[in-house]
Structures are given as structure tokens and as C-alpha cells.
Amino acid sequence: MANVAVLFLLLMSAAFAEGLPSSTFFSYSEAPKFRDADTCPACTAGDCDPDLVHIAMTLDAHYLRGSIAAVHSILRHTSCPDSLFFHFLTSAGVSDSGDSGDELAAAMRAIFPSIRFSTHRFREDRVRGLISGSIRPALETPLNYARNYLGDLLPPCVRRVIYLDSDILVVDDIRRLWDSASTALNAATSAAVAAPEYCHADFSRYFTATFWKGPWGRLAFEGRRRRPCYFNTGVMVLDLDRWRAKGYSRRIERWMEVQKRNRIYDLGSLPPFLLVFAGEVEGLDHRWNQHGLGGDNLKESCRVLHPGPVSLLHWSGKGKPWDRMDAGKPCPIDHLWKVYDLFSPVVTPSSSSSLSISSSISSSISL
């Protein structure tokens, strides 16, 4: 019952932060158990087993609903769920939004009692002084930068990891992404990142006039193995051995230090990744990141899928499907996301006691 109360308080704090009425309470349904196919490897050596597929995601209160839907989609479409190991990155201690890593981990364990995962605390003070203002305040959250430190946060035995944002759905077996990226990274002796690239995008718009007119400009991208192209950092496969050996966390930090002094970009955590890795990325099929489904950042317009096969849908941009669903203004694409949503509102009289509320929550979540 204590764990139920913790989960309840977490969900309520997130609800109140969004300005929802106090007479509406929330619960998550427990996900079904997904079983391995007969051909799956037997992973018995803990989180260092070489047959595991490692997946890293951040957890915070506002995006918890998205993270749960993302994990649900991954489990639903993989043939070997027991060979997946999730690494959830949380803020060390209590964050500005009021959540804590222990409560969020408890929520994931309650909803997905059979998954293998560990939580890793990210100290926000490591990056807080390096963050500069962005065109969207949400992009200034320190946890957005935790992906820069995966080489430090994850155990040394984890040599590669898939990093995923919380606003995604995987509608294919994620091991195919793992295998495709591993083939690409194995063929390239120096690359540390594999991701879909978008070379048709206007690369220059991710940096300010100060950058292009200053002592950096195109000199920053000279000597790259190939043409620098845009890639979305919400879906990446990282070779952590190479990452650690080449000190990429510190390289990203150095560009963030330049940004603090000179304002060379406007958009959060993406540009320093481009500055370090554009032209050095091993490209993956676009099916693994149908991004931009969140809509136009300024007009909040709906987007449709790009032509071609789809293995991963990504609601990057301002609009998130759970927010639009709750507001009663979903985009057509949001109904695909709803299939994996385990969240449900329960209208309860505001006079109900904490005990009765906790009891009603326990009936919908097994602990």
C-alpha cells in the first residue's frame, strides 16, 4: 500500500502542475506480460550479458506518460522482450518539477513488473551552469542533457546503447534497429553515433549569424569524413567504448561553453551534438525516425507521416500526443499513439479520503 501511495502522490503532483481539476484522479493499467519467442537468446548474466539490447531513456513527471507508452510499444513489437535492458535516467534527488527518481522507478516497476531495468541518477549541477536560454523553455531542462553523459552514467560493460526520447513509439522489433546500427558501427572503425540523417534539411538554420560570421563558421565542420547533415538526437545508437575513449562528453561541453559566451545557436541540446558529430554519423534508414509529428513549433499545426516504411514514430516538436488528447484537440496521427497509452482518468469526488483514493488506485495497478 505504501508503494501505491507513492505512485499516487507522484501522479497527483504531475496533474496539479498541469492545472487539472482536483476532482479528477489518475491511474495506469499494468502492461501485459510479453514472452520470448523460442529462438531468443537466454540472457542470464545480468546487465553485462553480451546478448542484451540496451535502451536508455530519461524519466520525469511530465513525460512519464510518454515514456510508459514508448516502453509499451517496444515490448509489444519485439520478439525477445527478456533480452531488452532499459536504463532510465533520472534527476539526482528532487527536481524542479517535484518528482524523484525513486518514485518514477516505482511507477515503472508497477506498470511493467517483468522488465529488466536500472535507474541512473544524473546530477543536474554537472550541466546546469552550461545551459543557455532556448527558443522553448522546455529545452532548458537539465535532464535533456543527460544523454551527453551516457558513457559515464552506464556501467563500463555496456558497450552500446539505443537512446530514445520519451515522445516516440516503436512499431517494429527494436532488435532490428540494434542489429542495423551494430553492422554500420562495426564497419566504421571510428564512428560513435548511428542515426537517420536528413541531408536535405537546411543545416545552416540551426546556428545563428554570429556562428557563421565568427571564427567558427564552416571551419567547425572541416575534416569530417562526409558532408555534415542534420540528424535528430531523439533516436541514436551510441558506441560507448568509442565515446569514452574520445572524450565526447567533454567535447560537447566545450561547445556549450562557447554558446554561453557568444550565442551561436538558439535550440537547446541539439546544436552541440551537430557541432561534434555532423559528418561523422553512420546513417540509418529513415524508417527508424519519422520525426516532427509534434507539429510546427510556432503554429502548432498537425503533421502527417512521410512517404515510405515506418518503424518508429517520433512526436518531436512542441505538441505532444497526450497533451493534445487531454485538451480534446488531437491530431489524426495522435490516435496511433493512443493505442499504447496505459493512462486513464478516474473521476472521483473531491471529498474522498487519501485512503479510499489509494485503495482505488491499488485495484488498477498490481505491485
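Reply: Let's start with the second largest cavity, which is lined by 12 residues. Nearest its centre are Ser132, Tyr145, Gln259, Tyr265 and Gly268. Please keep in mind that you are looking at a predicted model. The volume of this second largest cavity comes to about 50 Å³. Sorted by class, its lining holds 6 nonpolar residues, 5 polar ones and 1 charged one.

How do we know about such spaces at all? Across the whole structure, a search turns up 2 cavities of 30 Å³ or more.

The largest cavity has a volume of about 70 Å³. You can find it by selecting the residues that line it: Lys33, Phe34, Leu75, Pro81, Asp82, Leu84, Phe86, Ser114, Ile115 and Arg116. By class, 6 of these lining residues are nonpolar, 1 is polar and 3 are charged.

Now back to Gln259, one of the residues nearest the centre of the second largest cavity. Helix α8 covers residues 248–262, and its partner, helix α9, covers residues 270–277. The axes of α8 and α9 come within 9 Å of each other and cross at roughly 120 degrees. An angle from 65 to 115 degrees would count as roughly perpendicular and one over 145 as roughly antiparallel, so α8 and α9 are oblique to each other. The crossing of α8 past α9 is right-handed. On the α8 side, the contact is made by Tyr248, Arg251, Ile252, Trp255 and Met256, while α9 brings Pro272, Phe273, Leu275, Val276 and Phe277. By class, this contact of α8 with α9 has 9 nonpolar residues, no polar ones and 1 charged one.

Helix α2 (residues 64–77) and helix α3 (residues 101–111) have axes that come within 11 Å and cross at roughly 35 degrees. Here as well, α2 passes α3 in a right-handed crossing. From α2, Leu64, Ile68 and Val71 meet Leu104, Ala107, Met108 and Ile111 of α3. The contact of α2 with α3 has 7 nonpolar residues, with no polar and no charged ones.

Definitions and conventions:
Residues are numbered from 1 along each chain as its sequence is written. This is a predicted model: local features need pLDDT of at least 70, side-chain atom pairs count only at pLDDT 80 or more; totals for chains, interfaces and linings use all residues. Side-chain values use heavy atoms; hydrogens and water are left out. Axes are lines fitted to C-alpha atoms, for helices over the stretch in contact, and angles run from 0 to 180 degrees between N-to-C directions. Helices (H or I, at least four residues) and strands (E, at least two) are DSSP runs, numbered from the N terminus. Angles under 35 degrees count as roughly parallel, over 145 as roughly antiparallel, 65 to 115 as roughly perpendicular and the rest as oblique. A crossing is left-handed if the near helix is turned anticlockwise from the far one by less than a right angle, and right-handed if clockwise. Contact means heavy atoms within 4.5 Å. Ala, Val, Leu, Ile, Met, Phe, Trp, Tyr, Cys and Pro count as nonpolar, Asp, Glu, Lys and Arg as charged, and the others, Gly among them, as polar. On a 1 Å grid over the protein atoms alone, a cavity is a set of points where a 1.4 Å probe fits but cannot get out, and a pocket is an open set with protein on both sides within 12 Å along at least five of seven lines; lining residues have an atom within 4 Å of a point. Grid points are joined across faces, edges and corners, and a volume is the space filled by probe spheres set on the points.
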